[in-house]
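Good morning, everyone, and thank you for making time for this.

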Amino acid sequence: MKKAGIVGLPNSGKSTLFNALTNQNVPAEKYPFCTIDPNVGVLVVEDERLNKLAQLEGSKDKVHPFFHIVDIAGLVKGASKGEGLGNQFLDHISKVDMIFHVVRCFKIDDVSHPMGSVDPARDIEVVEIELMLKDLETVNRRIEKIAKQAKTGDENARFELYFLERLKHHLESGKPARTLERNEQEQIVLDSLFLLSEKPVIYVANVDEWGLEQELDKIVEKMAKERSSEAIVVNAQVECEVRELPFDEAKELLSAYGFEEGLKKRFLDHIKRALRLICFLTATKNEARSWLIPEGTTAYDAAGLIHSDIQKGFIKAEVIAFEELLRYSSFKEAREAGAVKFHGKDYVIREGDVVHFLFHA
Ligand code: GDP
């Protein structure tokens with residue numbers, strides 16, 4: 001299962017955001033996550049389509065899409081040289097698939113700032129430089145190793161060395177690995193390095209109640225744009241507080257401060273775009289479920305996700321788009337009307353497909 005890491009300087013609001021995203025009253029067995037590590041949580045996002053689907057199919061239960069989030073504490077200036085939690089912290093980042101980079105935009109005197117003042121542009125650069133320095137270390141280590149092989153005349157090693165030198169130059173000029181142009185063969189080299197600055201980043205401007213007026217979030221948005229990335233503006237503190245409120249009251253409070261509601265959905269939408277994920281739906285009498293899968297997943301692989309037996313005995317997938325299904329009173333009726341299509345193993349699942357797998361038990 002893929003996961004996203006929350007990264008940022010101390011006191012930027014990482015843990016507060018982590019709590020706002022992952023604390024919930026859901027049965028843990030439905031949304032598995034690592035209970036041993038308190039820094040790993042699960043973001044569960046209501047897929048509204050399930051309400052309708054469960055109603056049509058008479059499903060008892062609903063299982064919404066979920067995604068793992070890791071609160072990665074410990075980054076300070078000098079982390080790449082072992083300051084703070086140093087390497088341990090950077091190792092944690094290397095294990096996540098994407099990064100939410102929390103940037104402090106709230107000015108509160110009784111919450112100290114590790115650099116002495118609130119300055120989003122500087123903070124973004126401090127974090128990015130640490131990640132790039134760590135990457136440079138990784139690239140240099142590989143260059144040392146490959147250079148020896150290249151000397152023996154090994155063509156592959158020479159190709160890799162040439163690319164690594166280009167990558168090194170790119171990082172040294174202060175640019176993250178993700179912005180380096182590459183061909184397919186070079187991509188393979190990059191993938192083998194697990195570089196931190198290669199991971200997709202979404203910037204999170206954590207503002208306070210007056211933050212929107214101070215327009216510090218605009219700096220974060222501008223810097224995100226310059227990096228071909230996206231930004232989310234939140235007030236992590238208020239989001240934590242409204243979790244306990246009924247939906248309407250939460251919405252009212254957030255809009256009084258000028259914030260959009262639906263924090264979790266906004267985050268999942270960003271995750272889906274950054275990692276190219278989609279949701280498909282299934283429904284039985286037992287449960288209606290929304291599954292988060294990579295774009296391009298075939299019916300065969302999707303079957304395997306549900307159960308290895310379904311994949312092993314795969315016969316075909318019955319598929320109808322959710323919107324299309326709404327014209328009928330049930331999947332069965334849609335099937336009888338000829339609206340459900342039959343597909344083989346290679347069918348590529350699309351966002352919002354409602355799928356029923358036929359398989360030899
Ligand atoms: P971390 O070190 O990045 O994990 O930061 P924390 O989440 O522990 O937050 C540090 C302090 O800042 C805590 O006292 C939070 O209550 C406070 N804080 C976090 N986010 C916000 C925010 O959006 N607005 C305000 N006013 N305070 C915040």
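This is a predicted model: local features need pLDDT of at least 70, side-chain atom pairs count only at pLDDT 80 or more; totals for chains, interfaces and linings use all residues.

Residues are numbered from 1 along each chain as its sequence is written.

The chain has 15 helices and twelve strands, where helices (H or I, at least four residues) and strands (E, at least two) are DSSP runs, numbered from the N terminus. Along its principal axes, the C-alpha trace spans about 65 × 65 × 35 Å. Of the 361 residues of the chain, 35% count as buried; a residue is called buried if 20 or more other C-beta atoms lie within 10 Å of its own, exposed if 12 or fewer, and partly exposed in between, with the C-beta atoms placed from the backbone. If we take the contacts between residues at least 6 apart in sequence, 68% join residues at least 24 apart, and by contact I mean that the C-beta atoms of two residues, placed from the backbone, lie within 7 Å.

Now to the ligand. Which residues are closest to it? Of the 16 residues that surround the ligand, the closest are Gly13, Lys14, Ser15, Thr16 and Gln237, and a residue is near a molecule or strand here if its C-beta atom, placed from the backbone, lies within 6 Å of it. The elements that give two or more residues to this shell are α1, residues 14-22, and α9, residues 236-242, and the largest share, three residues, comes from α1. By type, the shell divides into five nonpolar, nine polar and two charged residues; here Ala, Val, Leu, Ile, Met, Phe, Trp, Tyr, Cys and Pro count as nonpolar, Asp, Glu, Lys and Arg as charged, and the others, Gly among them, as polar.

The UniProt record, an unreviewed entry, has the annotation "binding site" covering Asn11, Ser12, Gly13, Lys14, Ser15 and Thr16; UniProt positions are given in the numbering used here, feature names are shortened, and annotations may be inferred rather than shown by experiment. Let us look at two of these residues. Gly13 is found in the loop between β1, residues 3-7, and α1, and because 27 other C-beta atoms lie within 10 Å, Gly13 is buried. Leaving out residues up to four places away in sequence, Gly13 touches Val102, Arg104, Asn206 and Ala236. Thr16, in turn, has its place in helix α1 and counts as buried, with 21 C-beta neighbours inside 10 Å. With the sequence neighbours up to four places away again set aside, Thr16 touches Ala236, Gln237 and Cys240.

Next, a pair of helices. Helix α4, residues 120-151, and helix α8, residues 216-226, pack at an angle of about 40°, with their axes 9 Å apart; the axes are lines fitted to C-alpha atoms, for helices over the stretch in contact, and angles run from 0 to 180 degrees between N-to-C directions. That angle makes α4 oblique to α8, because angles under 35 degrees count as roughly parallel, over 145 as roughly antiparallel, 65 to 115 as roughly perpendicular and the rest as oblique. The contact is made by Pro120, Ala121 and Ile124 of α4 and by Leu216, Ile219, Val220 and Met223 of α8, and these residues divide into seven nonpolar, no polar and no charged.

I will finish with two backbone details. Ser228, in the loop between α8 and β7, has a positive phi of about 50° although it is not a glycine, and with 10 C-beta neighbours inside 10 Å Ser228 counts as exposed. Arg276, which lies in the loop between α11 and β8, has a phi near 55°, again a positive value in a residue other than glycine.
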